[in-house]
Amino acid sequence: MGGAVFSGLGACLLALTAGCRSPATPPVPATATVSAFQSKIQHIVFIIKENRTFDHYFGTFPGADGVTSGTISTGERVPLARAQDRMAHDIGHQWVDVRRAMDDGKMDRFDLVSRAAERNGEFLSMTQFLASDGPNYWSYAQHFALGDHMFSSMAGPSFPNHLYTVAAQAGDAIGLPDSPHWGCDAEPEVRVEVMDPQGNITHEYPCFDFPTLADSLETTGISWRYYSPEHGREGYIWSALDAIQHIRRTSLWTEHVVPYSQFAADARAGGLPAVSWLIPAFDVSEHPSVINFDGTTLNVSVCEGENWTVQQINAIMQGPDWATTAIVLTWDDFGGFYDHVPPPAADRFGFGPRVPLIVISPYAKQGVVSHTIYEFASVLRLIERRYDLAPLGPRDAAANDLLEMFDFNQAPAPPLIRPLRSCS
């Protein structure tokens with residue numbers, strides 16, 4: 001493995017100083033680095049999978065800040081058991097669960113998240129995959145750049161975290177809409193919890209109207225597309241722009257939000273825009289199994305989810321745009337699973353526990369683990385750097401921008417075409 005990368009508050013976080021804060025003004029990359037980035041990268045692809053922590057997926061990765069055991073609420077330290085490819089049910093990862101699990105930075109109550117112990121006394125939250133359980137993800141991490149201090153932006157569940165991936169905020173939402181339909185497509189009576197600056201919680205319709213990075217791109221004439229499951233398809237709930245009224249209810253939606261199944265063909269044909277968001281359908285999302293409102297069960301396989309991701313990345317690498325593309329792969333929230341690193345303090349909403357981060361590009365540093373603090377707004381800041389866009393707000397303005405995970409002087413890495421696995 002190559003050398004580790006440190007910047008920002010990495011040393012502070014590695015010392016597990018829970019009171020650390022993101023820098024008010026993050027380090028500005030050298031002009032030459034930004035210039036090289038702007039000249040060599042023409043496509044940025046932001047892939048967002050579901051509900052896994054860093055220790056859960058990469059806790060045994062060489063050179064990374066990972067562990068194979070964790071402390072629970074009794075004070076006992078327990079080994080992280082081998083994780084299941086398919087879980088029988090989901091476990092708690094709502095606003096209350098994440099705060100209970102983090103326990104003011106002690107990270108010792110993951111056993112108390114809801115439904116964590118419903119497996120013959122074993123804690124589903126205290127589990128971990130090994131290299132053989134996600135060999136293609138490990139191969140990407142070994143050949144390109146892995147980040148081990150990427151935090152979910154919101155200490156909460158999917159709905160607000162997905163909003164951070166497009167807007168560096170969530171309109172003060174902290175929970176999930178109380179319906180299988182989210183965003184501006186929700187029924188009139190649907191509500192989501194919203195928290196004001198004084199900590200008061202109200203229940204509001206989950207359709208907001210704040211600026212997004214898509215607006216910044218549109219205003220400056222930069223091409224963009226949001227690939228996601230269509231209305232009526234499992235996983236449509238994660239189509240974050242559905243919750244932005246001025247996009248969902250205008251031609252921006254019909255012109256730029258397209259089926260996720262179209263992505264691979266666009267990539268192979270050289271038809272990707274400058275910026276792409278890519279959201280999977282539920283069955284390939286890696287979200288632990290859930291019971292639907294209608295009583296049916298969605299039993300999701302991590303293996304099948306990894307295969308889907310590999311198909312999308314293979315399509316990029318086999319297409320004409322690989323030489324000028326940067327892929328950012330991450331997961332949206334902790335899903336209830338254990339992680340040992342206390343998030344640095346941010347604002348009243350975040351950060352949540354660490355999630356995996358892999359940067360894949362001909363110019364991604366090869367075999368490097370970055371210990372720099374990142375969040376979803378870091379990806380937005382990277383895009384803003386590339387296209388000279390102003391920050392949307394305090395989060396992306398303060399975020400480290402991922403540029404130190406690149407080396408624009410190295411010989412470009414060739415494509416790494418990975419085989420699909422046989423899944424049970």
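In helix H12, the residues Phe 376, Ala 377, Ser 378, Val 379, Leu 380, Arg 381, Leu 382, Ile 383, Glu 384, Arg 385, Arg 386 and Tyr 387 are buried. The model is a predicted one. Burial thus covers 12 of the 12 residues of H12, so the helix is largely enclosed by the rest of the structure. The length of H12 was also checked. At 1.5 Å a residue, its 12 residues should span 16 Å. Just after H12, the backbone of Asp 388 adopts a positive phi of about 55 degrees.

The sheet comes next. It is open and consists of 8 strands, ordered E10-E9-E11-E1-E14-E15-E6-E16. The pairing is mixed. Strand E10 (257-259) and strand E16 (368-370) form the edges, and each pairs on one side only. From one strand to the next, the twist averages 20 degrees.

Parallel pairing is seen between strand E1 (residues 43-49) and strand E11 (residues 275-278), which are joined by 4 bridges. Within this pair, Val 45 has Ser 276 of E11 as its bridge partner. Two helices pack on the sheet. Helix H6 touches E1, strand E9 (224-228) and E11. The direction of H6 makes about 175 degrees with that of E1. Helix H12 (residues 376-387) touches E1, E11 and E14. The direction of H12 makes about 165 degrees with that of E14.

Strand E15 (residues 357-360) takes part in antiparallel pairing. Strand E14 (residues 325-331) runs antiparallel to E15, with 4 bridges between them. Here Val 328 stands opposite Val 359. Strand E6 (residues 145-147) is likewise antiparallel to E15 and is joined to it by 3 bridges. In that pair, Leu 146 is bridged to Ile 358.

The nonpolar interior was then examined. In soluble globular proteins, nonpolar side chains tend to be buried together. The largest nonpolar core in this model has 113 residues. Phe 58, Leu 217 and Trp 277 touch the most other members of that core. Beyond its neighbours within four places in sequence, Phe 58 is in contact with Tyr 137, Trp 138, Ala 141, Leu 146, Pro 356 and Ile 358. A second core is separate and has 15 residues, including Met 102, Met 107, Val 113 and Ala 116.

The model contains 2 disulfides. One joins Cys 184 to Cys 207, with an S to S distance of 1.9 Å. Cys 184 lies in the loop between helix H6 (158-167) and strand E7 (192-195). Cys 207 lies in the loop between strand E8 (201-204) and helix H7 (213-219). The pair therefore ties together parts that are 23 residues apart in sequence. The link is right-handed, with 80 degrees about the S-S bond. Both Cys 184 and Cys 207 are buried.

The other disulfide is formed by Cys 303 and Cys 423, whose sulfur atoms are also 1.9 Å apart. This pair links distant parts of the chain, 120 residues apart. Cys 303 belongs to helix H11 (residues 302-318), and Cys 423 to the segment after helix H13 (394-398). The torsion about the S-S bond is about -75 degrees, so this disulfide is left-handed. Cys 303 has 3% relative accessibility and counts as buried. Cys 423, at 25%, counts as partly exposed.

Helix H11 also holds Glu 306. Setting aside residues up to four places away in sequence, Glu 306 touches Lys 49, Gly 134, Pro 135, Asn 136, Tyr 137, Glu 286 and Arg 421. Tyr 137 is also one of the contacts of Phe 58.

Technical notes: Residues numbered from 1 in each chain as written. Predicted model: local features only at pLDDT ≥ 70, side-chain atom pairs only at ≥ 80, totals over all residues. Heavy atoms only, no water. Disulfide = S-S within 2.5 Å. Buried < 20%, exposed > 50% of the residue type's maximum accessible area, 1.4 Å probe, protein only. Core = buried A, V, L, I, M, F, W, Y, C linked by side-chain atoms within 4.5 Å. Contact = heavy atoms within 4.5 Å. Pairing = 2+ DSSP bridges. Axes fitted to C-alpha atoms, helices over the stretch in contact; angles between N-to-C directions. Expected span 1.5 Å × (residues − 1).
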